[in-house]
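This report walks through a few local features of one protein chain. Please look over the sequence and the structure before reading on.

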Amino acid sequence: MVRAIVMGGAGRMGGRIITLITSADGIELVGAVEQKGHTMVGQDVGEQLGLGKLGVPIDDDISKCIDKGDVVIDFTHHDVIVGHLEIAARHNKAMVIGTTGATAEEVARVKEVAKTTQCVMAPNMSVGVNVMFKVLDYVAGILGDDFDVEIVEAHHNLKKDAPSGTAVKMAQIIADTLGRDLDKNGVYGRKGMIGARTKEEIGVQTVRAGDIVGEHTVMFGGIGERLEFIHRAHSRDNFAKGAIRAAQWIVNQKNGFYDMQDVLGLRDS
Ligand code: NAD
């Protein structure tokens with residue numbers, strides 16, 4: 001039985017992860033953590049989520065429950081993930097980071113600390129999206145420079161970071177396959193007399209509206225035809241299930257930094 005601690009337990013993702021853990025095999029909830037001052041701190045997390053009493057209080061400091069768990073699942077805010085991972089590593093606990101929006105420095109630090117514990121970090125934990133990552137690599141390699149690449153992502157109106165971590169990852173995969181530098185060739189929104197599109201551009205457009213859970217369209221636009229690959233998340237449960245799968249997988253791995261391609265066995269050997 002894998003014992004899990006959920007950071008951001010009162011959040012949209014944290015709540016779904018906790019709810020699905022209570023009905024999953026082989027994993028149990030032993031801790032839930034929220035930020036200091038949150039109204040739910042001190043309450044039973046099950047009662048707060050309408051699941052009935054679980055006997056797990058919502059703590060306001062990971063240090064209060066870290067020793068009870070095997071793995072920490074974090075869907076919080078990018079500026080706190082390194083601190084959470086450092087505490088997990090000090091206590092020899094594994095970590096699953098789903099939080100997006102991390103800066104390059106934060107990702108570099110996560111990779112450094114992951115040398116001393118087991119860590120999965122992925123901007124999108126859905127199985128479908130991770131299969132799409134593989135497909136995009138394959139398709140971009142075949143189409144090469146003859147097709148214009150445009151990515152459109154849409155999310156709910158409360159999402160804080162833009163473009164989505166998933167859209168950035170898709171753009172990075174395609175840039176790597178095509179031998180382009182995303183820092184130079186990424187174009188994030190367009191307006192005005194911008195001139196003709198360059199061949200090298202990888203366009204990334206952001207839509208924020210209503211309660212859209214998450215949609216990603218990748219278009220390869222050619223002359224006389226185009227290909228579009230679309231992933232639509234119907235609910236947050238696909239991400240939550242992926243995070244739970246990652247938590248059950250990571251506890252049996254060696255120390256190091258992994259992503260969902262590793263969890264799902266999709267990485268090229
Ligand atoms: P949310 O705002 O609903 O929840 C975040 C929760 O984290 C809040 O309840 C907040 O109080 C809590 N929090 C903040 N700082 C904390 C701290 N120091 N300690 C403990 N709790 C803390 O947001 P959300 O929609 O649940 O998304 C959370 C993150 O997960 C975002 O970065 C989002 O982009 C990402 N996300 C990732 C995936 C994926 O598959 N990887 C899927 C959906 C969302």
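## N185 and its surroundings

N185 touches R180, E200, E201 and I202, where contact means heavy atoms within 4.5 Å and residues up to four places away in sequence are not counted. The residue lies in helix α7 (residues 182-185), and N185 is buried, with a relative accessible area of 16%; buried means under 20%, exposed over 50% and partly exposed in between, using a 1.4 Å probe and protein chains only. Helices are DSSP runs of H or I with at least four residues, strands are E runs of at least two, and both are numbered from the N terminus.

## Basis of the model

This is a predicted model, in which local features need pLDDT of at least 70 and side-chain atom pairs count only at pLDDT 80 or more, while totals for chains, interfaces and linings use all residues. Residues are numbered from 1 along each chain as its sequence is written, and side-chain values use heavy atoms, leaving out hydrogens and water.

## Salt bridges around D148

A salt bridge is a side-chain nitrogen of Lys or Arg within 4 Å of a carboxyl oxygen of Asp or Glu, and by this rule the count comes to 19. D148 pairs with R197, the closest N and O atoms being 3.4 Å apart; this links strand β7 (residues 148-155) to the loop between β8 (186-187) and β9 (202-208), 49 residues apart.

K199 also forms a salt bridge with D148, at 3.0 Å between the closest N and O atoms, and K199 lies in the loop between β8 and β9, 51 residues from D148. K199 is partly exposed, with a relative accessible area of 39%. Salt bridges that share partners join D148, E150, R190, R197, K199 and E201 into one network.
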